[in-house]
Structures are given as C-alpha cells and as structure tokens.
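Hello,

Here is the structure for your files. My notes on one helix and its surroundings follow below.

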Amino acid sequence: MLLATADHLRERWHLRQDGPIRSGEAGIVLPVRGADGEAAALKVQPPGPEVDAAVLGLGQWDGEGIVRLLASDAERGGLLLERLDPERSLEGVTDDDEATRVVGALLARLHGIRPPDGLPLLGTVVQQMLHRAPEARRTLTAEDRRRFDRWVRRVGEVAAEAGDRFLHWDMHFGNVLHADREPWLAIDPEPLIGDAGFDLWPVLDSGWSSDPRRTDAARIVRRRFDILTDMLQLDRDRATAWTAARLLQNTLWDIEDGEQAIAYSATVLDDALQSRPAS
C-alpha cells in the first residue's frame with residue numbers, strides 16, 4: 001500500500017527514485033530527485049492525525065532548525081522533504097555534551113516559533129493520561145505502583161498549566177541529521193503545543209537506554225538534564241515533573257501493549273533525576 005502511494009506521488013510530483021528505500025517505524029522514505037535535479041526525500045506513512053500535525057508543524061517551522069517541507073499530501077500520508085544525510089546523525093557524535101547542546105539549540109529555535117492552530121494540546125494529552133492511569137496501575141507490582149503513583153501526583157501538580165510552546169515531541173539523537181545548509185537539523189517531529197519540559201525525555205533517554213550494562217547512565221542523564229534546562233532556561237523542578245509525565249505516558253503505552261512492569265530504562269532515568277541535587 002505505501003509503495004503504491006509512493007509511486008503515485010512520484011508520478012504526480014515528477015520525481016525519480018535516487019537510491020534504496022528506507023523503512024522506519026512510521027513508514028518508508030525514498031531518496032528522490034525532482035525534474036530540476038534537486039535532491040529530496042519522499043516520506044510515506046499511513047494517513048492520520050500524526051501526518052496532519054506534521055504537515056502543520058513543518059509548514060510553520062519552515063526549515064527553522066528542522067527539515068524543510070517541500071510538498072505534502074496529507075490525505076495519502078505523503079511528505080516531500082529536503083534531503084538530509086541519513087548516515088550521519090547525532091548518535092555518531094562521541095562528545096555527549098556537544099550532542100546534547102546541539103539538541104538544546106535546536107529545541108530553543110523550534111520552541112521560539114509561534115505554533116499554528118490545530119495542533120494537539122499537551123493539556124488534553126495529560127487529561128487522557130490521568131484518566132487511564134487508575135486502570136493501568138492494576139497490572140503493576142506494589143513497588144512499581146509506588147513509582148507510578150508518584151508520577152501521577154507530579155503530573156497532577158503541573159497539569160493545570162500545560163504551556164504554549166511549539167514542541168517537537170521526539171527529539172532524540174537519532175532524529176537529528178547532518179544537512180548541507182546547516183550542520184544539524186531535526187527530523188520526524190510529532191508537533192504538540194505545551195510546556196518545553198515535556199520535550200526533554202527523548203534526548204535524556206538517547207543511547208544508554210539500549211545498553212543495560214551501562215554503569216554511567218545516571219551521570220549521563222543528570223548532565224544532559226542540566227545542560228538542557230540551562231539552555232532552555234527552564235525551572236528544573238517543573239522540568240522534572242514534565243519528564244515524569246513522559247515516563248508515565250510511555251508506561252501507559254507499554255501496559256496497553258501487554259507489559260506488566262515499568263521499563264528498566266524508565267526506572268534508571270527516574271532515579272537519576274530524583275537523586276539530582278536541588279538547585
């Protein structure tokens with residue numbers, strides 16, 4: 001189905017394929033060239049609210065710190081994007097502070113743009129999470145319930161002021177690619193309007209969470225958190241609460257998928273922030 005859609009859009013937009021297809025979590029990406037020879041990337045995924053939000057968000061950002069949208073067909077799930085280098089992401093940067101600062105600088109730029117009307121609101125997302133939480137916690141052990149309940153309390157404390165910033169929602173190291181017009185640009189946003197602290201978790205979790213043998217995870221998390229909250233000028237207690245909201249959200253998704261425990265990486269990240277010295 002996605003390949004057929006890609007063929008239709010290539011013909012409609014006068015594109016020729018310029019390399020192998022890449023598959024991702026949400027869909028497929030084809031390197032293409034236009035009639036003028038300009039390199040681009042055709043992304044196709046199932047149509048729906050996520051595509052609609054991406055079209056709105058990318059159009060409003062207009063390439064400011066993020067991949068530029070060249071054309072779109074939301075009804076078919078198609079996005080024609082400027083070509084970035086898929087082989088060079090921030091995952092390949094060995095200096096963790098440098099990579100984190102790149103993300104912080106990009107988030108600052110994205111958050112600084114006025115969000116368009118029609119995007120999902122963090123306040124609505126939070127209320128849905130809090131509504132689902134009582135039923136979801138029943139599957140957890142007593143120890144996990146204590147952690148889960150603390151997250152629910154923290155989220156409840158900030159829910160009334162969910163913020164008005166233009167969020168990316170998925171800015172991890174793998175979603176920042178090398179570009180020609182700038183050293184680094186973000187890709188694959190899931191645009192949302194809310195508090196900037198809700199945008200920290202993906203980079204806090206990047207890299208180390210895929211290797212349970214890491215013994216320096218807590219230090220990495222705290223260092224990244226300090227860099228990001230400083231660069232984005234965030235209140236750290238409030239940013240911790242919104243990071244707890246991300247951990248709660250991920251746990252709710254895991255439970256919906258049949259899991260019966262809080263993910264190990266979530267406990268490590270949570271413990272790291274809980275043990276962070278007050279500032």
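Asp235 caps the N-terminal end of H8, with a side-chain oxygen 3.2 Å from the backbone nitrogen of Asp237. This is a predicted model: local features need pLDDT of at least 70, side-chain atom pairs count only at pLDDT 80 or more, and totals for chains, interfaces and linings use all residues. Residues are numbered from 1 along each chain as its sequence is written, and side-chain values use heavy atoms, with hydrogens and water left out.

H8 covers residues 236-256. Helices here are DSSP runs (H or I, at least four residues), numbered from the N terminus. H8 has 21 residues and reaches 30 Å from first C-alpha to last, close to the expected 30 Å (1.5 Å times one less than the number of residues). Gly258 follows H8, with a positive phi near 105°.

Of the 21 residues in H8, 15 are buried (under 20% relative accessible area, 1.4 Å probe, protein chains only).

H9 (residues 264-274) packs on H8 at about 170°, axes 11 Å apart. Axes are lines fitted to C-alpha atoms over the stretch in contact, and angles run from 0 to 180 degrees between N-to-C directions. That makes the two helices roughly antiparallel (over 145 degrees). On the H8 side, Thr240, Thr243 and Leu247 make the contact (heavy atoms within 4.5 Å). They meet Ala266, Leu269, Asp270, Leu273 and Gln274 in H9.

Arg154 sits in helix H5 (residues 142-158). Arg154 counts as buried because its relative accessibility is 16%. Arg154 touches Asp237, Thr240, Ala241 and Ala244, leaving aside residues up to four places away in sequence.

Best regards

Notes. Angles under 35 degrees count as roughly parallel, over 145 as roughly antiparallel, 65 to 115 as roughly perpendicular and the rest as oblique. Buried means under 20% relative accessible area, exposed over 50%, partly exposed in between (1.4 Å probe, protein chains only). A polar contact is a pair of N or O atoms within 3.5 Å; within protein, one must be able to donate a hydrogen and the other to accept it, and residues adjacent in sequence count only if both atoms are side-chain atoms.
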